[in-house]
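Opening the notebook on a new model. I want to go through surface, core and charge pairs in turn.

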Amino acid sequence: MFLAPRHPFAQLYWHWFFLAQASPFPEDVIAASPAAFARKTLVAQEVYDEVAYRAYAAQFEDRATVHAMCEDYRAAAKEDMEEQMADEEAGRKIQCPLRVLWGKEGVVEKLFDARAEWRKVCVERALDEEGSFAVKGGHFIPEERPVDVVMSVLDFFR
């Protein structure tokens, strides 16, 4: 998704590109207004109860946590992407069983064919076609539909 973002995706997932910028730029911007960053990135605030929202938002006030978060996005944009491209060039694909869940009202459902995207990187029959599905909800499906997520995981590992 980093390699060929379409405009709607880049617009909605702007934080992927922002957080991957060289340190300390994103860290400094977030430190200037952690509450504003929380409001912007935790856009589906209604899916959290007040205690959970405050717990998530508080993480943006801790410089070390923000730096670690940025490092994760930096790795995704560089090392992870380089490894994925090398795997694709070498014909390496995921061989273990895989189940994928995504939000029915989320960006992935609107802009991508999730199963088709995963089929590209899995050997035949690795993807659990029937068990991989769009869960009612948006981006934060564990918070929005915890029972659906847990039931799907338990079913997958039986």
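This is a predicted model: local features need pLDDT of at least 70, side-chain atom pairs count only at pLDDT 80 or more; totals for chains, interfaces and linings use all residues.

Is Leu154 buried, partly exposed or exposed? I looked up its relative accessibility: 42%, so Leu154 counts as partly exposed.

Entry, surface. I placed Leu154 in helix α10, residues 146–156. With Val147, Val150 and Met151, Leu154 makes a nonpolar surface patch of about 370 Å².

Entry, core. I went inside next and found that the largest nonpolar core has 18 residues, with Leu19, Ile30, Phe37, Ala38, Leu42, Tyr53 and Phe60 having the most contacts within it. Helices α2, α4, α5 and α6 each supply at least two residues of this core. Another core lies apart from it, with 8 residues, including Leu98 and Trp102. I then listed what Phe60 touches, leaving out residues up to four places away in sequence: Ile30, Pro34, Phe37, Ala38, Thr41, Leu42, Val66 and Met69.

Entry, charges. I got a count of 12 salt bridges. One of them joins Arg74 and Glu27, at 2.9 Å from N to O. Arg74 sits in α6 and Glu27 in α3, so this pair ties together parts 47 residues apart in sequence. I checked burial for both: Arg74 is buried at 12%, and Glu27 is buried at 1%.

I also looked at Arg92 with Asp87, where the closest N and O atoms are 2.7 Å apart. Here Arg92 is partly exposed at 49%, and Asp87 is partly exposed at 30%.

Note on methods
Residues are numbered from 1 along each chain as its sequence is written. Side-chain values use heavy atoms; hydrogens and water are left out. A nonpolar core is a set of buried Ala, Val, Leu, Ile, Met, Phe, Trp, Tyr and Cys residues joined through side-chain atoms within 4.5 Å. Buried means under 20% relative accessible area, exposed over 50%, partly exposed in between (1.4 Å probe, protein chains only). Helices (H or I, at least four residues) and strands (E, at least two) are DSSP runs, numbered from the N terminus. Contact means heavy atoms within 4.5 Å. Patches are made of residues with over 30% relative accessible area and no salt bridge: like charges are joined within 9 Å, nonpolar side chains (Val, Leu, Ile, Met, Phe, Trp, Tyr) within 5 Å. Accessible areas come from the Shrake-Rupley method with a 1.4 Å probe; for residues, only the protein chains shown count as cover. A salt bridge is a side-chain nitrogen of Lys or Arg within 4 Å of a carboxyl oxygen of Asp or Glu.
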